[in-house]
Amino acid sequence: IPDDVRIVGFDNLFLSAHLTPSLTTVNIEKRRLGREAVRTLVALVRGSREDTMLKTIVRAELIERESA
């Protein structure tokens with residue numbers, strides 16, 4: 001790594017920056033992702049198919065470090 005294999009993590013855990021080599025990762029808006037998941041679940045329980053058919057885009061950011 002990084003010459004033969006490239007590794008990318010997900011969720012940008014604190015430890016990612018402190019590994020050797022440091023881990024490239026994707027950072028997401030966890031609170032928004034959770035809110036949207038609950039909103040969709042509530043809509044499903046209530047029987048509203050309209051709300052569950054919407055596409056939701058949650059912002060993500062690539063944090064490039066040594067592993068990729």
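Biologist: How many helices and strands does the protein chain have, and in what order do the elements run?

Modeller: In this predicted model, there are two helices and three strands in the protein chain. Read from the N terminus on, the elements follow the pattern β-β-α-α-β.

Biologist: How should I read the sheet, and in what order do the strands lie in it?

Modeller: Two strands count as paired if at least two bridges are found between them. Here the three strands make up an open sheet in the order 1-2-3, with mixed pairing. Its edges are strand 1 (8-10) and strand 3 (60-63), each of which pairs on one side only. From one strand to the next, the twist averages 25°.

Biologist: Which way do strand 2 and strand 3 run, and how many bridges join them?

Modeller: Strand 2, covering residues 24-28, runs antiparallel to strand 3, and four bridges join the two. As a pair to look for in the structure, Thr-25 has Ile-63 of strand 3 as its bridge partner.

Biologist: What share of the contacts joins residues at least 24 apart in sequence?

Modeller: Taking the contacts in the protein chain between residues at least 6 apart in sequence, 60% join residues that are at least 24 apart.

Biologist: And what share of the residues counts as buried?

Modeller: A residue is called buried if its relative accessible area is under 20%. In the protein chain, which has 68 residues, 19% count as buried. The accessible surface of the chain comes to about 5500 Å², and 56% of that surface belongs to carbon and sulfur atoms.

Notes:
Residues numbered from 1 in each chain as written. Predicted model: local features only at pLDDT ≥ 70, side-chain atom pairs only at ≥ 80, totals over all residues. Heavy atoms only, no water. Axes fitted to C-alpha atoms, helices over the stretch in contact; angles between N-to-C directions. Buried < 20%, exposed > 50% of the residue type's maximum accessible area, 1.4 Å probe, protein only. Contact = heavy atoms within 4.5 Å. Areas by Shrake-Rupley, 256 points an atom, 1.4 Å probe, with all protein chains shown as cover.
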